[in-house]
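Dear colleague,

Please read the notes alongside the coordinates.

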Amino acid sequence: MQIKNLNALLKEANEIVQLLSFEDSINLISNTSTLIIDVREESEVYDHGMIKNAIHIPRGLLEFTLIPDSPTNPVTIDDETNILVYCAGGYRSALAAKTLIDLGFKNVFNLGGFKDWVESGGEIQPKV
């Protein structure tokens with residue numbers, strides 16, 4: 001078994017998962033069936049809010065919460081659903097998006113970092 005460090009894991013994830021620009025993200029959200037997943041920790045979401053219409057699933061719980069073709073998923077995800085994942089800076093979301101692809105989900109993208117989203121004028125909502 002080959003041991004990988006964080007940089008190797010991020011490189012692999014970034015080769016597999018497309019990082020979307022703000023404009024591309026807005027286009028997907030506006031024109032397709034899209035699920036936005038916030039993978040930050042609860043405290044980050046509580047302190048800063050989250051992207052409008054996103055759901056919160058911490059990165060460490062993705063494998064337990066989302067299962068391809070499962071009726072227990074908290075949302076409906078089909079092969080046409082675009083899944084956009086984000087975190088604070090884009091690193092955890094790259095790893096999380098690769099995990100979703102490894103689990104069998106299709107159309108998974110890295111939306112990047114919450115800070116960049118806000119600075120680009122993206123809508124946010126408080127954690128409810």
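**Salt bridges and surface charge**

Lys4, Glu12, Lys98 and Asp102 are linked in a network of salt bridges, a salt bridge being a side-chain nitrogen of Lys or Arg within 4 Å of a carboxyl oxygen of Asp or Glu. This is a predicted model, in which local features need pLDDT of at least 70 and side-chain atom pairs count only at pLDDT 80 or more, while totals for chains, interfaces and linings use all residues. Residues are numbered from 1 along each chain as its sequence is written, and side-chain values use heavy atoms, with hydrogens and water left out.

The structure holds eight salt bridges in all.

Arg40 and Asp38 form another salt bridge, at 2.6 Å from N to O, and both Arg40 and Asp38 are buried. By contrast, Lys115 and Glu119 are both exposed, and the closest N and O atoms of their salt bridge are 3.8 Å apart. These two residues lie four apart in helix 6 (residues 114–119), so about one helical turn separates Lys115 from Glu119 (helices are DSSP runs of H or I, at least four residues, and strands are runs of E, at least two, numbered from the N terminus).

How values were computed. Buried < 20%, exposed > 50% of the residue type's maximum accessible area, 1.4 Å probe, protein only.
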